[in-house]
Every structure is written in structure tokens, then in C-alpha cells.
Amino acid sequence: MTTTGGTAEGTAAVVLVGGQGSRLRPLTASTPKPMLPTAGVPFIGHLLSRIAAAGIRRVVLGTSYRAEVFAEYLGDGSAFGLDIECVPEPEPLGTGGGIRHAAAALDRSYDEVMVFNGDILSGVDLGAVLAEHRTAGADATLHLVRVPDPTAFGCVPTDDTGRVQAFLEKTLNPPTDQVNAGCYVFRREVIDAIPEGRPVSVERETFPGLLRDGRRLQGHVESSYWLDLGTPAAFVRGCADLVQGIAPTSALPGPVGTALLLEGAKTAATASVSDGTTLGHDVVVGDGSRVIGSVVMDGARIGDNVVVTRSVIGPRAVIGDETVVTDAVVGDDVTVGAGCELCDGVRLWPGLSIPDGGLRFSGSG
């Protein structure tokens, strides 16, 4: 993440990481979404590396679900070149309430705050966002991206100067393909005006309220890499894009390439790993097996002549010989017997055991 056109001096960051990640279960049954192993490190590590590269040093994380996990991993932030503080929410406060609660930990020297949703993988140029925010004299600036289907996102039309005209949360007939990308810059006074102590949606309450009051909301439209990691398919894709260098990061624990193998990972001479696959610590892949564009977490075992495609294999899971896994999620400590087929969005919850041939999608065998 570069800082073309703007300096981060006087800017702090708030990162919202309080969500439960229900769309990613069972992966998030015990691990917060931003802490999931993503191309070899917890996803939050990639985001923080890019915040640091942009020149921001003070970061506050708004936590809720499994808040202690973040504190244990991040410490004071010095390992990331940052000054990090985790601020747990006393109750779920929504996006706006979460921003208000976390920003209270920032001293008054920070007159602008960049806010990040903790599950967005993005190549946005933070310096360019800051520069546009300042040039426009905006009260708040939103990073916007263009998507083929904007109906699932907050739709944000702008005029020729980039001024936001409306904020339409998940409308069925969007007037533009520009959507809210989950990164903002706020004047500190705008954050301070968000009501305290109750849930507030920045999308449904704060932004529309600012527009009604005639305040300046600016849209920074950019065509850089952007991906919401909220579903298993998106999570797998994001991991593969990081490994292959398609998505930018400064935290990849190895060289960019077709696969990332962490310490202790072993593949048989006749096995192959490709398309941005990550093999976690001490993973074993057996003879003749192929792992394609997938995430195999620490300690998992892949048998012989297995094909794993665009899937997540959880920690210590075992995949039996001759099994096919496609677009599936296998939870922690699951055992899948030989000759099974896991396809089309199947999710196996932690600890399950499937006998040989016990799950198939075809009539063969």
C-alpha cells in the first residue's frame, strides 16, 4: 500500500474486528475471522502490514468476539512497527458505534482517523484517499469500488467532483456500480458526534445523517484489488491471490509463487500443489495427490491420490486416499475416509468422522 499524494502524519487508524464471521463457519467457530490463517499468517497481519507501510503508526482495534485472541497475538504492536491498542466493546455496537467506542482511545492530536473493516483485502492507495479527503475538504471520505453486481453492497452514487449524492444500503435497483469498500477517512469531530453507548450503523445512520445535514462526503473511486473475505469461496480466493502476488501484502512469510509451504510441510515426490495453495506447518500430502488453489491448515494430512480444489482443510484434519474435495470446508480435527466426495459447498463441522465411502455426490464406486 503506497501513500502517493498524501502523508499519514496526524492520522490514526481504527480497525473493526468485532464480527462473529458467521458466513465462514465452521472456520470461525473458535477463531475470529481476521485471525484465520490467510496465506501463512492471520489475516489481520496482512492488513496491519499495509497500514504500517502507509506511514500510520497508531492503531486501535475495536474487538468483541474472542477479543482475547487479538490481544494475545498483537501485543502492543511493536512487532508490526505499530502502536496498537485493543478496545473490547461492552456489547455489539454496530459499525458506527464501534468506530465511536474505539476512537475514544485516541488522544486529541489525531484530527483525522482512517477506518478499516477487518475482513477486506484491498490494494487501495491510502495516500491517495487521504489526499482526496483533504483536497475536497471533506467531513468523511469513502473508498468506493466498482463491482459487476452492486445489489449486495452499499451503493454510493457520486457527482462529477466525487461528492457523494446518496448512500443506498443494499438496494435492488442501484443507480451506480460504485459500492462501499469498507475503508473511510473521518474528521475527528464527525466521529465524536456519533452517539455513544448504543448500536449505530455508519451505513444506515451516520452517512445518511451527514448527507441530510449538508456535510461533505467524498467518494474515492479506485480500480485496485478489492475482495470481501466473508465467504469460504472468497477466503480461499483471497489466500491464493496473496500467495501469487495478485493481492498486495508485506506480510507473506515466503516468496510470491504458485504455492506457499510453511515450515515442516511435506509433499510426496509425485504430489503437486498449485494455483496459490498454502500448506500450513507440518502438513503432509501423499503420493499422486493434487492440491489446487486451496488452504490446508497446520497439521492436516492429505492421503494418496487425493484431489483438493478451492477448498479449506482445517487444522489436523485427515483426508483419506482417493478422496475428492472441491469447493468445500473441512473443519478442525475432521477425519474423512477413503473414496469420499466432498463438493459444492459442503461444510464439515469440527471433530466429525466420515467412514470410507461415507459421503459421495456421484453414483460411481
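**Salt bridges in the predicted model**

Asp83 is partly exposed, with 41% of relative accessible area. The model in which this residue is placed is a predicted one. Side chains of opposite charge can pair when their charged atoms come close. Asp83 takes part in such a pairing: its side chain forms a salt bridge with that of Arg58, at an N to O distance of 3.7 Å. Asp83 belongs to strand β5 (residues 83-88) and Arg58 to strand β4 (residues 58-63), so the contact ties together parts that lie 25 residues apart in sequence. Arg58 is buried, its relative accessible area being 10%, because the limit for that class is under 20%.

The model contains 18 salt bridges by the rule applied. One of them joins Asp327 and Arg310, whose closest N and O atoms are 2.8 Å apart. This pair links distant parts of the chain, 17 residues apart: Asp327 is in the loop between β25 (324-326) and β26 (329-330), and Arg310 is in the loop between β22 (307-309) and β23 (312-313). Asp327 is partly exposed at 29% relative accessibility, and Arg310 is partly exposed at 45%.

Salt bridges can also share partners. Asp139, Arg187, Glu189 and Arg215 are joined in this way into one network.

A further salt bridge connects Arg198 with Glu205, with 2.6 Å between the closest N and O atoms. Arg198 has a relative accessibility of 34% and counts as partly exposed; Glu205, at 32%, is likewise partly exposed.

Note on methods: Residues are numbered from 1 along each chain as its sequence is written. This is a predicted model: local features need pLDDT of at least 70, side-chain atom pairs count only at pLDDT 80 or more; totals for chains, interfaces and linings use all residues. Side-chain values use heavy atoms; hydrogens and water are left out. A salt bridge is a side-chain nitrogen of Lys or Arg within 4 Å of a carboxyl oxygen of Asp or Glu. Helices (H or I, at least four residues) and strands (E, at least two) are DSSP runs, numbered from the N terminus. Buried means under 20% relative accessible area, exposed over 50%, partly exposed in between (1.4 Å probe, protein chains only).
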